[in-house]
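User: I would like to learn how to read the features of a structural model one at a time. Could you take me through some of them, with the general idea before each case?

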Amino acid sequence: MQSRLRALLFRVLPGVLLCFTTFTAQARVLRVEVLSRVQIAADSASSRPAYEKIKARVYFAVRPSDPHNSVIVDLDKAPRSAGHEVEFSVDLFLMRPVTKSNGALLLEIPNRGGMGLLSIADGGKADPADASDLGDSWLLRQGFTFASLGWQWDVAETPGSLRLYAPVAHEKDGTHITGLLRDDFTPIEPSSDLPLGHIMGARLGGTEYPVATPDDPRNTLTVRDSPRGPRQMIPRSQWSFAHTIDGELTPSNRFLHLDTGFEKGRIYELVYVVQDPMVAGLGFAAVRDFVAWLKHSPDAIAPVHVAYAAGISQCGRFLRDFLYQGFNADESDHMALDGILAHVGGAGRGSFNYRFAQPSRDAQPMSSIDWPTDIFPFTDLPETEPDNPSNSKAGLLDAAAAKHVLPRIFFSHTSYEYWGRAASLMHTTADGIADMPLSGNVRIYFYAGLQHFSVPFPPQKGTGDRDAQQLPSPLPIRWFWRAMIGNMDAWVQHNTEPPQSRYPHIADGTLVPLARVNFPKIPGLTLPATAAQGLDPDFGPNWRNGILSVQPPALTAIYPTLVPQVDADGNDMGGISLPEITAPLATYTGWNLRSAAIGAADQRTAFLGSFIPFHRTTTEAATAHDPRKAIEGRYSSYEVYRARFQKALDELVHARYLLAEDAPGLMERSKQEWDWITRYDWK
């Protein structure tokens, strides 16, 4: 392989600086087009070094003949360059230290094109315009190079979104590739028209594909009342691919119209014919090759020695799939990512590297049902697949282990993921009978009482698709993130062992079937009837190779999941507990049922937990028939409560689940919570 090392070339266009670079072929980055640069001066008071913020577009090339790329679905059907390579590009956001770099890259995998980790960790803005937007600069004070790289091809067109610009695959003779795609949605209010794509509240998580042949007889629409309820076929004469514009029904390849109207709280499922699949799996190659470039190329835009990737929710699943599909070995068989922080991804992977991939799809209680998300294998170490016991054992890290590129890994999750993301399968056998051991390079951290994403305190009732029966859980994730990032860096760069895993176990009774949860009988609060399960779907004879030809899939097996047992207050056991759980003023759950106002009130709300304050006095609790001990029976004053809160906080700092410098901020929150909860109006 010939070296293509050349000098950086710069040229200035009106308002835009373009930077092109080529370098050793192994890294596969062709050039970087720099769109903007912002200088952020150093701050001596906080010891934050100077940073440069760069927005750019990165251009790549991969060889379909390279075995490292053979797993990318339809790569062999993508157009080739003169050099017989497939070219593509992605958006890049970069914060690079001008001085005092710690040599480490923290790469955020953007969620549906959006960044959030810089804001979560530092309390500022995800895309800071200047120093005033940096919050307390904790992450930047450590000297990290921070980046976020587009990987999803169908990100909605919103300002600042990061995306993958992928090529379209065609048959060898240039003809269109066609197939079946599935869409589902549960309206929260009556409507006649709905957009095609992954609807997430008031936005599209992914635009997905337009219909290719509206009159094809394979296009079908069904409706049902629950995820496992019977489907009812809606006659073809009652619906069309159309959109009402100015009172006129107009044909549209991106909208669905139902003459009788869509009803709230019911699950509608559309199967339809599409064409021209994007080579979506190149998103994995982009992450692999960008990291390899920064670590090994002398021309890299921000050279680093080690690299960590952090992903939240969809992106935590992306990182699990990245590992499973073998992308942590770059084209020279070097380790790409030295550390991975996969948060709230549960036991899932995703629709990231399939023909007609739908990367935004996630498996919510009432939408994205039966996508290839929570599928075997679930655990890091190899285990037997109960539905196919004759098959070889399989684990999430098999490919990385075979190539000797195992990174250090934090799998972290909240209470919600046990109910909504099949999290127990990460650390039990697939039949749910026994606990599974963990690899020495893996930690699992369960943050008890938190929900999928944090909301401010005091919490407010949700609206739209988050209109739920209870207030959402307001416990914060920020402080845990800072400790995880610091612990990962110490583990990789200094070989300092991180805190031990903490999560519920079958063996000690802290992880149980839903039917055995001893939840207190709080009036007005109903335990969900179901939790998310693992699946063994059948999308057709070639689906394991990325071609899904049967929609919807047949389910050949369902893998049982377990949930945390609770204490007398209804708070989860077996996890890492904030002082709000150890010295409680409320019950915090990982589930919340939908409001009757949006329909399906017996089903769980996606992503939300519940927050149910204790009553102030014993008399009030008795009048409400609430079995939980009242606040006055626990703490005679705020000072008594504060002392218990402080003790719990000190234990978390000592165990290194929290940073010592963050303890004062949590203590301030204790007063805010005490004042608000002791004045809470139950009416």
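**Strands, cores and rings**

Analyst: β15 and strand β18 (residues 255-262) pair in the antiparallel sense over 2 bridges. Ser-240 stands opposite His-257 in β18. Bear in mind that this is a predicted model.

User: In what order do the strands of the sheet with β10, β18 and β15 lie?

Analyst: The order is β10-β18-β15, in an open sheet of 3 strands with antiparallel pairing. The edge strands β10 (191-195) and β15 (239-240) each pair on one side only.

User: How many residues lie between β16 and β17 in their hairpin?

Analyst: The hairpin has 2 residues between the strands, and Asp-246 in the turn has a positive phi of about 50 degrees. The strands themselves, β16 (residues 242-245) and β17 (residues 248-251), are antiparallel and share 4 bridges. Thr-244 stands opposite Leu-249 in β17.

User: Is Pro-214 buried or partly exposed?

Analyst: A residue counts as buried under 20% relative accessible area and as exposed over 50%. Pro-214 counts as partly exposed because its relative accessibility is 36%. This proline is in the loop between β12 (203-206) and β13. Beyond neighbours within four places in sequence, Pro-214 is in contact with Asn-219, Arg-236 and Phe-241. Sequence separation and spatial separation should be read side by side: Pro-214 and Pro-251 are 37 residues apart in sequence and 9.4 Å apart in space, C-alpha to C-alpha.

User: Which residues have the most contacts inside the largest nonpolar core?

Analyst: They are Leu-107, Leu-256, Leu-282, Phe-290, Leu-294, Ile-301 and Phe-318, in a core of 114 residues. Helix α3 (residues 282-296) gives the most to this core, with 9 residues. A second, separate core has 60 residues, including Trp-138, Leu-139, Leu-140 and Leu-652.

User: What is Leu-107 in contact with, leaving aside its neighbours within four places in sequence?

Analyst: Its partners include Val-287, Phe-290 and Val-291, together with Ala-147, Ser-148 and Leu-149. Tyr-308, Ala-309 and Ala-310 are also in contact with Leu-107.

User: Why does Asp-374 count as buried?

Analyst: Asp-374 counts as buried because its relative accessibility is 5%, and buried means under 20%. The side chains of Asp-374 and Arg-421 are joined by a polar contact of 2.6 Å. Asp-374 is found in the loop between β21 (339-343) and α5 (398-402). Not counting residues up to four places away in sequence, Asp-374 touches residues including Ala-347, Gly-348, Ala-422 and Gln-533.

User: Where is Ser-412, and what is in contact with this residue?

Analyst: Ser-412 is in strand β22 (residues 408-414). At 3% relative accessibility, Ser-412 counts as buried. Among the contacts beyond four places in sequence are Ala-342, His-343, Tyr-445 and Met-484.

User: How is a pair of aromatic rings described?

Analyst: It is described by the distance of the centres and the angle of the planes. The count here comes to 45 aromatic pairs. Tyr-638 and Tyr-641 form a tilted pair, 6.3 Å centre to centre with 45 degrees between the planes. They are separated by about one helical turn because they are 3 residues apart in helix α10 (residues 638-654). Tyr-638 is buried, with a relative accessible area of 11%, and Tyr-641 counts as buried at 1%. Elsewhere, Trp-151, Phe-284, Phe-318, Phe-322, Phe-327 and Phe-352 form one aromatic cluster.

User: Which ring does the charged end of Arg-57 sit over?

Analyst: The ring is that of Tyr-165, and the charged end of Arg-57 is 3.6 Å from its centre. Likewise, the charged end of Arg-320 sits over the ring of Phe-411, 5.1 Å from the ring centre.

Methods: Residues are numbered from 1 along each chain as its sequence is written. This is a predicted model: local features need pLDDT of at least 70, side-chain atom pairs count only at pLDDT 80 or more; totals for chains, interfaces and linings use all residues. Side-chain values use heavy atoms; hydrogens and water are left out. A nonpolar core is a set of buried Ala, Val, Leu, Ile, Met, Phe, Trp, Tyr and Cys residues joined through side-chain atoms within 4.5 Å. Buried means under 20% relative accessible area, exposed over 50%, partly exposed in between (1.4 Å probe, protein chains only). Contact means heavy atoms within 4.5 Å. A polar contact is a pair of N or O atoms within 3.5 Å; within protein, one must be able to donate a hydrogen and the other to accept it, and residues adjacent in sequence count only if both atoms are side-chain atoms. Rings of Phe, Tyr and Trp (its six-membered ring) pair if their centres lie within 6.5 Å; planes under 30 degrees apart count as stacked, over 60 as edge-to-face and the rest as tilted. A charge sits over a ring if NZ of Lys or CZ of Arg is within 6 Å of the ring centre and within 35 degrees of the ring normal. Two strands pair if DSSP finds at least two bridges between them.
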